[in-house]
Amino acid sequence: MQHHTDIRQINTISGLMRILELPAPLHPLIALVDYQKVPVEIFPKRQRISLDFYKISFKPSFRGQIKYGQDYYDFEEGGLAFLKPKQIVLPPEDVQSYEGVALYFHPDFIRNYPLGSRMNAYGFFSYDVSEALFLSAKEKEIIAGLFDVIAGELDTNIDAFSQDVLVSQIELLLNYSNRFYNRQFITRKAVNHDIITAMDRLLSRYFEEENSLKNGLPSVKYISAELKLSQRYLSDMLSSLTGMNTQQYIQNTVIEKAKEKLSSTKLSVSEIAYELGFEHSQSFSKLFKTKTNVSPLEFRKLFS
């Protein structure tokens with residue numbers, strides 16, 4: 001069995017349309033593709049693909065399971081998935097037929113608009129494909145409506161206003177997605193609660209097994225990788241449910257561990273700092289004071 005491990009780089013939207021055996025786009029920097037018009041077997045299995053542009057796919061219905069962290073969840077709603085330029089993706093396996101549409105647009109298309117410099121604010125472009133946005137029936141209507149407007153605009157003759165109209169529709173689409181993701185973090189509380197519980201266990205084990213002595217403080221990268229979630233998704237999900245991003249959540253856990261050690265052991269402040277993974281005890285004392293408004297020694301006095 002042949003494995004395609006090389007990455008197929010697609011630089012232009014016109015190039016993508018040629019590969020998909022579709023007519024050239026009317027505007028070279030933006031195109032909307034209807035999946036049903038694309039042969040399923042365009043890309044060899046396991047072929048990794050990297051696009052030089054943004055992609056937003058909208059599937060009105062999707063049967064199957066999606067993975068969140070370690071677990072699978074069934075869903076039948078439609079969904080949106082987002083890709084930013086240079087993200088490497090694998091085409092889905094065993095797809096009988098695609099349904100839905102994908103909007104592709106080049107960074108140059110939005111470069112001279114305020115949106116161009118604000119794209120980083122839309123964190124979901126950094127989520128994994130498996131962390132898609134699931135839409136309720138009402139949300140799906142709104143998104144379908146936006147895609148219809150974009151489709152209509154792309155089918156008319158290009159004039160001096162086409163780009164302004166399209167960029168504002170894209171921005172509207174992204175702002176709705178922000179709102180719906182936030183709703184998803186809240187409505188999928190049970191799923192996300194499991195992730196937070198797993199994270200607490202992971203941090204607990206990290207300190208119990210004294211990994212901090214070997215590897216220093218647990219990093220956001222380490223925690224996300226262990227939970228099998230993208231860093232941005234984990235941070236956004238935690239912010240939505242706890243008001244803290246991943247870094248702050250880790251620091252909070254560290255401070256709780258420190259309080260435990262300060263109140264129940266005779267270890268010196270620098271020994272505690274060292275055990276928790278700090279290189280310098282000053283950094284530990286500074287963080288402790290920032291988080292609790294008292295120094296480690298003042299905190300200890302409360303218990304003696």
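**Entry 1: Lys261 and Glu275**

I began with the side chains of Lys261 and Glu275, which in this predicted model form a salt bridge with an N to O distance of 2.8 Å. I then located the two partners: Lys261 belongs to helix α10, residues 246-264, and Glu275 to helix α11, residues 269-276. The pair is 14 residues apart and links distant parts of the chain.

I next looked up the accessibility of each partner. Lys261 has a relative accessibility of 22% and is partly exposed. Glu275 has a relative accessible area of 25% and is likewise classed as partly exposed. I noted that buried means under 20%, so Lys261 at 22% does not count as buried.

**Entry 2: Arg118 and Glu171**

I turned to a second salt bridge, in which the side chains of Arg118 and Glu171 meet at 2.0 Å, N to O. Arg118 lies in helix α3, residues 114-118, and Glu171 in helix α5, residues 162-187, so the contact ties together parts that are 53 residues apart in sequence. For Arg118 I recorded a relative accessible area of 34%, which makes this residue partly exposed.

**Entry 3: Asp108 and Arg111**

I looked up a further pair, Asp108 and Arg111, whose side chains meet in a salt bridge of 2.5 Å, N to O. Asp108 is partly exposed at 35% relative accessibility, whereas Arg111 is exposed at 52%. The cut-off for exposed is over 50%, so Arg111 at 52% falls in that class.

I also recorded the total for the model: eight salt bridges are counted. As background, I noted that side chains of opposite charge can pair when their charged atoms come close.

**Entry 4: positive phi values**

I then examined the backbone. Most residues other than glycine have a negative phi.

Glu21 has a positive phi, near 60°. I placed Glu21 in the loop between α1 (13-19) and β2 (30-34). At 58% relative accessibility, Glu21 counts as exposed.

Glu210 also has a positive phi, near 55°. I found Glu210 in the loop between α6 (189-208) and α7 (211-215). Its relative accessibility is 42%, and Glu210 is therefore partly exposed.

I close with the locations. The Lys261 and Glu275 pair links helices α10 and α11, and the Arg118 and Glu171 pair links α3 and α5.

Key: Residues are numbered from 1 along each chain as its sequence is written. This is a predicted model: local features need pLDDT of at least 70, side-chain atom pairs count only at pLDDT 80 or more; totals for chains, interfaces and linings use all residues. Side-chain values use heavy atoms; hydrogens and water are left out. A salt bridge is a side-chain nitrogen of Lys or Arg within 4 Å of a carboxyl oxygen of Asp or Glu. Buried means under 20% relative accessible area, exposed over 50%, partly exposed in between (1.4 Å probe, protein chains only). Helices (H or I, at least four residues) and strands (E, at least two) are DSSP runs, numbered from the N terminus.
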